[in-house]
Amino acid sequence: MLKELRRLFGRKTSSVAAVIATAQVPGGVVWTPRRYDTFAQETYLKNVIAYRCIEEIARSVAGVGWGLFRHQGASRIAVEVHPLLRLLERPNPYEGWPYLMLATTARLVLAGNAFLERVAPQTGPNAGAPAELYSHRPDRIAVLVNPDGRLRGYRYTVGGQSREWAVDSVTQQGDILHLRQFHPLDDWWGAAATESAAREIDTANQATEWNMRLLQN
């Protein structure tokens, strides 16, 4: 179907997409613009106020109940048995849905970006249907861009090993969902909610360090 649509209507793209890709994406790879590990260390792990704020947001999102419904005329009926409900209850063998939502939301607040991976069977009657979901650290993922400015995939790298996911050239959909905040100066990555408070957080951390040394002396 998609091939037929491409044959009938051709391909569309922004007139400036190729310019942005050529000017800002050397080698077609866009890495995360900051040291996420350092940023997380200074905010979430060292500053009690920043930790509490991020934790409150993440736990609030994680506490939202999810349901599945179908429309029957003007009515909405709850679905009691469905594979998607099992996925919402246990998205992967290691995590429950609340923890997955907490981790994803905390990363989105901390880095302005969060990534969810969909794992689905490649063969059989359930081929393509989501069976597991995983949340990944944004600093381990690079955005891959074609010369014409289209997203072509994502690359996950850790310990010198990499794994890539391709995206559809027309729909731009794939097994990775990139959640990001608006960034006024970046075309590919989102701005962290804590980024504008970074100076205040650094100042508070230094003040705490100074007070501790004063007491030690």
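**Figure 1. Leu133 and the residues around it in the predicted model.** In this predicted model, Leu133 is in contact with Leu87, Pro91, Asn92, Trp97, Leu100, Glu117 and Arg118, when residues up to four places away in sequence are not counted. Leu133 also belongs to the largest nonpolar core, a group of 21 residues, and is one of the members that touch the most others, together with Ile54, Trp97, Leu100, Met101 and Leu110. Two or more residues of this core come from each of helix H3 (36-43), helix H4 (48-62), helix H5 (83-89) and helix H6 (97-111). Helix H6 provides the largest share of the core, with eight residues. Another core, made up of twelve residues, lies apart from this one, and its members include Phe115, Tyr156, Ile176 and Trp188.

**Figure 2. The largest pocket and its lining.** The largest pocket holds about 540 Å³ of space. It is lined by 26 residues, of which Leu116, Gly174, Ile176, Leu177 and His178 are the closest to the centre of the pocket. At least two lining residues are supplied by each of helix H5, helix H6, strand S4 (113-119), strand S7 (151-158) and strand S9 (176-180), and strand S9 gives the most, with four residues. When the lining is sorted by residue type, 17 residues are nonpolar, five are polar and four are charged.

**Figure 3. The second largest pocket and its lining.** The second largest pocket contains about 330 Å³ of space. Among the 18 residues that line this pocket, those closest to its centre are Tyr36, Tyr99, Ala103, Arg107 and Arg137. Helix H3, helix H6 and strand S5 (132-136) each contribute at least two residues to the lining, with helix H6 giving the most, namely six residues. The lining of the second largest pocket consists of ten nonpolar, three polar and five charged residues.

Figure 4. The side chains of Thr104 and Ser135 are joined by a polar contact of 3.1 Å. Beyond the residues up to four places away in sequence, Thr104 touches Ala114, Leu116, Ser135 and Leu179, and Leu116 is also one of the residues closest to the centre of the largest pocket.

Figure 5. Leu179 sits in strand S9, the strand that gives the most residues to the lining of the largest pocket. Its relative accessibility is 28%, and Leu179 is therefore counted as partly exposed, a class that lies between 20% and 50%. Although Leu179 and Leu108 are 71 residues apart along the chain, their C-alpha atoms are separated by 7.3 Å. When neighbours within four places in sequence are left aside, Leu179 is in contact with Thr104, Leu108, Gly112, Asn113, Ala114 and Leu116. In the protein as a whole, 57% of the contacts with a separation of 6 or more are between residues 24 or more positions apart.

Figure 6. Arg155 counts as buried because its relative accessibility of 19% is under the limit of 20%. The side chain of Arg155 forms a polar contact of 2.8 Å with the side chain of Glu164. Apart from neighbours within four places in sequence, the residues in contact with Arg155 are Val29, Arg140, Ile141, Ala142, Leu144, Ser162, Arg163 and Glu164. For the protein as a whole, 35% of the 217 residues count as buried.

**Figure 7. Gln172 and its positive phi angle.** Gln172 is located in the loop between strand S8 (161-166) and strand S9. Most residues other than glycine have a negative phi. Gln172, although not a glycine, has a positive phi of about 60°. The relative accessible area of Gln172 is 29%, so this residue is classed as partly exposed, between the limits of 20% and 50%. The loop that holds Gln172 belongs to a protein whose secondary structure comes to seven helices and nine strands.

Key: Residues are numbered from 1 along each chain as its sequence is written. This is a predicted model: local features need pLDDT of at least 70, side-chain atom pairs count only at pLDDT 80 or more; totals for chains, interfaces and linings use all residues. Side-chain values use heavy atoms; hydrogens and water are left out. A nonpolar core is a set of buried Ala, Val, Leu, Ile, Met, Phe, Trp, Tyr and Cys residues joined through side-chain atoms within 4.5 Å. Buried means under 20% relative accessible area, exposed over 50%, partly exposed in between (1.4 Å probe, protein chains only). Contact means heavy atoms within 4.5 Å. On a 1 Å grid over the protein atoms alone, a cavity is a set of points where a 1.4 Å probe fits but cannot get out, and a pocket is an open set with protein on both sides within 12 Å along at least five of seven lines; lining residues have an atom within 4 Å of a point. Grid points are joined across faces, edges and corners, and a volume is the space filled by probe spheres set on the points. Ala, Val, Leu, Ile, Met, Phe, Trp, Tyr, Cys and Pro count as nonpolar, Asp, Glu, Lys and Arg as charged, and the others, Gly among them, as polar. A polar contact is a pair of N or O atoms within 3.5 Å; within protein, one must be able to donate a hydrogen and the other to accept it, and residues adjacent in sequence count only if both atoms are side-chain atoms.
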